[in-house]
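Reader: I am new to this structure and would like to go through it step by step. Could you show it to me?

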Amino acid sequence: MKIPELLSQEAQEKRREKEKIIQILLFALYPVLAFYLMEAYEHNPFAEVRQMAQLFNIMLFELVAWLFYLLTDRMHAAVRMELIIAALFGITNHYIMKFRSTPFVPWDIFSVKTAKSVASNYDFIPDKRMILVTAGFLVLFLSARILKKAPKIKWKFRLISAVPVLAVLCLFAGNLQKESFQLKYRLYPYLFTPAYMTKVNGMAVTFTMNLAYAVVKQPDGYSVAEAEEILKEHETDAAEHTGELPNVIVIMNEAFSDLAVLGDTRTDTDYMPFMHRMQKGQKNTITGDVRVSVCGGNTANSEFEFLTGNTMAFLPAGSIPYQQYIRQETCSAAGWLKTLGYETFAQHPYSAGGWERNRVYPLLGFSHMDFINDYVPRDYVRKYVSDASDMQHIIRTFENKKEGNPVFIFNVTMQNHGGYTDTYTNFTSDVHSEYKSRALDQYLSLVKMSDEALEELVAYFGGQEEKTVIVFFGDHQPNNAVAAPVLRGAGKDTADLSAEDLKKRYEVPYLIWANYDIKSAAGQDTSLNYLAAEVFDAAGIPLSGYQNYLLELKKSYPVLSAAGIESETAEEQTLETYKRLQYYQLFEKGKNNSYVK
């Protein structure tokens with residue numbers, strides 16, 4: 001071979017090596033851009049994601065991209081797969097933040113069916129930021145064709161190489177889930193503020209950290225024997241109760257809240273006159289604020305806390321017990337009342353499959369379930385069954401019950417479900433705030449309708465001879481789109497609330513009213529895990545051992561939820577005992593001796 005040909009061949013080889021290096025460098029650049037673009041759907045990641053967290057997010061993106069490449073043998077295909085996943089993840093997180101004020105977490109995957117059923121009432125029109133970021137993803141997707149010249153790798157080598165890459169990815173993800181690693185590298189580990197956690201850690205890192213909580217681990221020091229002994233110590237003999245057992249009607253009202261806890265609401269008319277009047281002190285009435293564990297959505301978790309006496313504070317942030325943990329008969333207020341001779345009804349004027357209620361309610365001890373097709377006749381406000389129709393359904397249930405049998409009715413309304421910006425022919429806002437906010441006006445007008453429906457229900461049972469107690473509370477406050485004007489009016493920013501202001505986003509009013517003599521009280525703040533026990537105690541109904549324990553615990557921890565714990569004492573062991581008892585109640589007792597029969 002001639003020298004010029006050798007030189008030419010050598011030059012070509014060098015050029016190919018140079019092109020190969022360039023292709024690899026370009027390939028490595030795409031995951032970095034994908035990370036920053038995904039974060040840009042919500043915020044400026046350069047300013048808000050912590051430095052080490054940025055590095056860790058990029059490492060996750062790089063490892064996933066290389067894994068895709070080794071599996072497909074095509075750089076451009078691997079890059080495009082990652083870009084599509086990142087864009088979909090970012091868009092999903094953006095809308096969940098917009099509608100629920102919380103980020104996308106692993107357990108939202110179980111909620112797809114529920115989200116789909118209510119999606120038509122939300123505004124999905126993309127904002128300017130979403131359009132620009134999505135356009136950026138499209139540009140990267142199209143430009144990935146420059147990687148088509150990337151070198152091919154023999155399938156055996158690809159397969160051998162994929163194994164250590166996958167191992168490194170799993171090892172890295174495992175480290176991200178360790179508290180020691182999180183603290184060492186200044187990752188934010190506190191699950192009770194998921195929005196802030198996602199903002200400073202980045203979506204991919206936070207999502208990976210949350211995967212560690214897909215399974216609830218046994219608390220330290222847990223034993224079945226200890227749990228059973230504690231519950232036995234708190235048991236009372238229900239057979240000793242000789243008085244008339246009252247009917248118990250519980251209404252968990254969708255998004256019902258008093259935003260005055262956040263700041264001056266400045267409205268032209270009172271949006272809950274009946275509730276405000278009852279809060280000033282009325283005969284046979286107990287009122288106060290109840291701390292819930294969710295804001296803007298995840299209604300099922302409020303149901304879970306009230307019915308079981310368990311708290312979301314001990315469960316993974318963003319988890320949905322109805323969908324994840326209730327797989328067997330589980331102790332609840334309904335199951336307990338059933339043992340006392342109550343007929344138990346669960347009612348919800350919407351689809352049976354929402355939050356898997358039709359599967360969960362029987363496991364919680366409900367003998368009867370009513371969903372939207374059982375509401376005949378029914379009227380609508382916007383796209384949902386009105387609270388007035390819902391209250392009439394409660395009355396029909398009461399009038400058709402077995403004579404001599406007390407009933408427990410647990411009713412979850414739907415009228416006030418978000419969003420709050422569309423126009424309707426069957427609804428007009430009649431409450432107007434000084435903030436000129438359409439969403440706020442619509443929300444407050446709906447709350448006023450709920451307040452009126454409650455007043456009518458109380459008036460009806462006020463004329464009945466059978467002893468009846470009515471419990472009414474909201475499941476959560478509305479999302480930031482509604483609350484923001486009130487907070488801004490108070491000089492506050494939804495994205496930068498103090499710890500105390502953040503707690504107020506989890507406060508809703510509650511009312512306990514009876515048509516017979518009970519001890520009246522106002523300003524009795526509590527949390528949902530205690531409320532059922534407090535209702536039964538006030539109504540003169542025998543309590544289960546767990547409920548007696550909860551009332552004792554409340555003396556030390558008067559408010560206890562995922563949104564914050566308030567303690568009169570600093571006895572950490574007391575809290576650990578509750579954690580162990582909750583684990584027993586939720587995961588153990590139903591196996592053999594649940595009273596849900």
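Predicted model: local features only at pLDDT ≥ 70, side-chain atom pairs only at ≥ 80, totals over all residues.

Reader: Understood. How many helices and strands does the chain have?

Author: The chain contains 23 helices and 12 strands. Its radius of gyration is 28 Å, close to the 25 Å that the globule rule gives for 597 residues, so the chain is as compact as a globular protein of that length. The C-alpha trace spans about 115 × 60 × 45 Å along its principal axes.

Reader: And what share of the residues is buried?

Author: Of the 597 residues in the chain, 57% are buried. The accessible surface comes to about 26300 Å², and carbon and sulfur atoms account for 57% of that surface. Among contacts with a separation of 6 or more, 77% are between residues 24 or more positions apart.

Reader: Let us take one residue, then. Where does Ala346 lie, and is Ala346 buried or exposed?

Author: Ala346 belongs to strand β3, which covers residues 343-347. Ala346 counts as buried because its relative accessible area is 0%.

Reader: What does Ala346 touch?

Author: Leaving aside residues up to four places away in sequence, Ala346 touches Tyr361, Phe366, His368, Met369, Asp370 and Phe410.

Reader: Which residues are linked in a network of salt bridges?

Author: Arg291, Glu507 and Glu566 are linked in such a network. Within it, Arg291 forms a salt bridge with Glu566, and their closest N and O atoms are 2.6 Å apart. Here too the pair links distant parts of the chain: Arg291 is in strand β2 (residues 285-291) and Glu566 in strand β12 (residues 564-566), 275 residues apart. Arg291 counts as buried at 5% relative accessibility, and Glu566 is partly exposed at 30%.

Reader: What about Glu466, which residue does it pair with?

Author: Glu466 forms a salt bridge with Lys401, the closest N and O atoms being 3.1 Å apart. Glu466 lies in the loop between α18 (438-462) and β8 (468-474), and Lys401 in the loop between α17 (387-399) and β7 (407-412), so the pair ties together parts that are 65 residues apart in sequence.

Reader: Turning to the cysteines, how many disulfides are there?

Author: The search of the whole structure finds zero disulfides. As for individual cysteines, Cys170 is partly exposed, with a relative accessible area of 48%, and Cys295 is buried at 6%.

Reader: Finally, which residues form a nonpolar patch on the surface?

Author: Met52, Leu55 and Met59 form a nonpolar patch, and together they have about 230 Å² of accessible area. Met52 is found in helix α3 (residues 51-72) and is partly exposed, with a relative accessible area of 33%.

Terms used: Residues numbered from 1 in each chain as written. Heavy atoms only, no water. Patch = residues over 30% accessible without salt bridge, like charges linked within 9 Å, V, L, I, M, F, W, Y side chains within 5 Å. Areas by Shrake-Rupley, 256 points an atom, 1.4 Å probe, with all protein chains shown as cover. Salt bridge = Lys/Arg side-chain N within 4 Å of Asp/Glu carboxyl O. Helix = DSSP H or I, 4+ residues; strand = E, 2+ residues; numbered from the N terminus. Buried < 20%, exposed > 50% of the residue type's maximum accessible area, 1.4 Å probe, protein only. Disulfide = S-S within 2.5 Å. Rg over C-alpha atoms; globule rule 2.2 N^0.38 Å. Contact = heavy atoms within 4.5 Å.
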